[in-house]
Amino acid sequence: MPKRILFVFTSVNKTLTGAQTGWYLPEAAHPYYVLSPKYDIDFAAPNGPNPPVDESSVQNFKDDVKFLEDATVKQKLANAKKLSEVSAADYDAIFYVGGHGPVLDLASDPVNIKIASDFFRAGKVTSAVCHGPAALVGATDANGNSIFKGRKATSFSDLEEEQVGKVKDIPFLVETRIKELGGLYEKAKEPWGAHVVRDGNLITGQNPASAHGIGEAIDQALSA
């Protein structure tokens, strides 16, 4: 039996300023194609089927449009589970796809916070890329502490957020929040550089350039 991975997507399609948003195409496509040959992958989102893709990511990453055209992926997106129907017991790993959306819904969703906490407490791979780590800011370990407290992690950096002009689109900056929670935040030497961090079963990636690498890190963790 192949191990099973749950990919979690945002259900939000507008930021605080009303700009279009959603999940970020390469941050799903790159890890999916690293992992799908070896693992069973299910998709989920707070509202279930057809989570909205960030249209700017489709424009900026034309090589990844094949993901949206992939018949298997189309079926998985159309049949994405509601997070309320998901149990950590059924999976070996959880992975949160980025895009600004997770900062707006997954970060504060009590159903998601419980699922993320369940995965982490069970010692299962708990992973996220770019803005995806926002989905983990409410998750806690067995002692009730943030899963970031005292652990190394990364996410989309505050500088990168400023460079894309999106600070006002989201309720908090992910780097700042990880630090506030006691996380040992790391990032690439230069903005937009690839950076993946593993600390035990917590695996995080900084930005779109880190999406392929986080797929490899998840594979390594599940193959160990």
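These legends walk through close-up views of aromatic rings in a predicted model. Local features need pLDDT of at least 70 and side-chain atom pairs count only at pLDDT 80 or more, while totals for chains, interfaces and linings use all residues. Residues are numbered from 1 along each chain as its sequence is written, and side-chain values use heavy atoms, with hydrogens and water left out.

**View 1. Tyr 32 beside Tyr 33.** Rings of Phe, Tyr and Trp (its six-membered ring) pair if their centres lie within 6.5 Å; planes under 30 degrees apart count as stacked, over 60 as edge-to-face and the rest as tilted. By this rule the count comes to 13 aromatic pairs. Here the centres of Tyr 32 and Tyr 33 are 5.2 Å apart and the planes meet at 80°, so this pair is edge-to-face. Tyr 32 is buried at 5% relative accessibility (buried is under 20% relative accessible area, exposed over 50%, partly exposed in between; 1.4 Å probe, protein chains only).

**View 2. Tyr 33 meets Phe 67.** Tyr 33 is partly exposed, at 29% relative accessibility. Its ring and that of Phe 67 have centres 6.0 Å apart and planes at 90°, so they too are edge-to-face. Phe 67 is buried, at 0%.

**View 3. The aromatic cluster.** Phe 7, Phe 9, Trp 23, Tyr 32, Tyr 33, Phe 43, Phe 67 and Phe 95 form one cluster.
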